[in-house]
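Biologist: Can you walk me through this model? I'd like to start with the aromatics, then look at the core.

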Amino acid sequence: QDLGTQLSSHNSMLTTQCFAFVSLGLFNNTPYVIMLAAAKNMDEGGVAVVYLANILPALLVKLSLPYWMERVSYHQRLLGASLSMAFAFFLVGFFSGSEKEEGYGDSSSKLAGQLVGVAAISFQCALGEASLLALAGKIDAQGRLLTSFSSGTGIAGPFGYLWKIACTEWLGWTLQTTCFLAAVLLPSGYYGTYYLCLHSTDALKAENDTYLTINEHQERQHETHQEN
C-alpha cells in the first residue's frame, strides 16, 4: 500500500509538471508571436526593423547566458522574464495610442518606444526558454518535460496569431487595448504557473533553489520511509 501511494504521488507530480511545462512553453513564446503578428501595425514600411528588434536581443542573451546563468536562480530568472514581458506589452501598448492623443509623441518617437518593447519581449523569450529547457532537463532526465515544453512552444504559434486576430479583427480592439490586456494576463499566467507548480513544490525544491530530479526525489522518499 505504501509503494502504491508513493507511485500514485509520483504520477500525480509528473502530471502536474508536464502540465506546467506545456503552459510555460505557451506563455513564454506567445508574446514573441504577438509582436510578429503586430509588426505591420507598428511600422507598415519597416516590418524588418520590428523583426530585428524581436531577434537580436534574444541572440545576445543566448550568447552570454552560459557566463552568468549559474549565478542567478531559476526563480529570479523567471521573475525577471515575467516582469520584462509585462513591461514590454505596456510599453508597446502605450506608444500605440492615437497620434491625436497627448503624451504619445510623433511617429518616430512612437516607433522607438514600441521597438524597445519588442526588444524586451525578445529578451524575455530567450531568458525564459533557456532557463526552462535547463530546468526541464534537470528535473526529468527522460525528456518528458522537454517534450511538454516543446508542445507548449508549438501551440504558442497559432495561439499568438489567434490572440491578435481575435482582439483586433473580431472584437475590433486597438493594438493598445490588445497589448494592455496581454500585459496583465500573460505575465500573470506565466509566473503563476511556475510559482504554483514548480517553485513552491517542496518535492522539487531543495536549498539554494536547486532542483531534485524525479529519480532523486523517489530515492529520498524511499530513504525517508526506511528511516521511519
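Biologist: How many aromatic pairs does the count come to?
Modeller: Six aromatic pairs. Keep in mind that this is a predicted model.

Biologist: Take Tyr191 and Tyr194: why is the pair tilted?
Modeller: Their ring centres are 6.5 Å apart and the planes sit at 45°.

Biologist: Where do Tyr191 and Tyr194 lie?
Modeller: Both are in helix α8. They are three residues apart, about one turn of the helix.

Biologist: And Tyr194, buried or exposed?
Modeller: Buried, with a relative accessible area of 0%. Tyr191 counts as partly exposed, because its relative accessibility is 22% and buried would need under 20%.

Biologist: Which residues form an aromatic cluster?
Modeller: Phe90, Phe94, Phe95 and Phe180 form one.

Biologist: What lies over the face of Tyr74?
Modeller: Arg77, at 4.5 Å from the ring centre.

Biologist: On to the largest nonpolar core. Which residues touch the most other members?
Modeller: Phe21, Met42, Phe89, Leu186, Tyr190 and Leu198, out of 48 residues in that core. Helices α1 through α8 each supply at least two residues. The largest share comes from α6, with 11 residues.

Biologist: What is Phe89 in contact with, leaving aside neighbours within four places in sequence?
Modeller: Pro31, Ile34 and Met35 are among its contacts. Phe89 also meets Ile121, Cys179, Phe180, Ala182, Ala183 and Leu186.

Key:
Residues are numbered from 1 along each chain as its sequence is written. This is a predicted model: local features need pLDDT of at least 70, side-chain atom pairs count only at pLDDT 80 or more; totals for chains, interfaces and linings use all residues. Side-chain values use heavy atoms; hydrogens and water are left out. A nonpolar core is a set of buried Ala, Val, Leu, Ile, Met, Phe, Trp, Tyr and Cys residues joined through side-chain atoms within 4.5 Å. Buried means under 20% relative accessible area, exposed over 50%, partly exposed in between (1.4 Å probe, protein chains only). Helices (H or I, at least four residues) and strands (E, at least two) are DSSP runs, numbered from the N terminus. Contact means heavy atoms within 4.5 Å. Rings of Phe, Tyr and Trp (its six-membered ring) pair if their centres lie within 6.5 Å; planes under 30 degrees apart count as stacked, over 60 as edge-to-face and the rest as tilted. A charge sits over a ring if NZ of Lys or CZ of Arg is within 6 Å of the ring centre and within 35 degrees of the ring normal.
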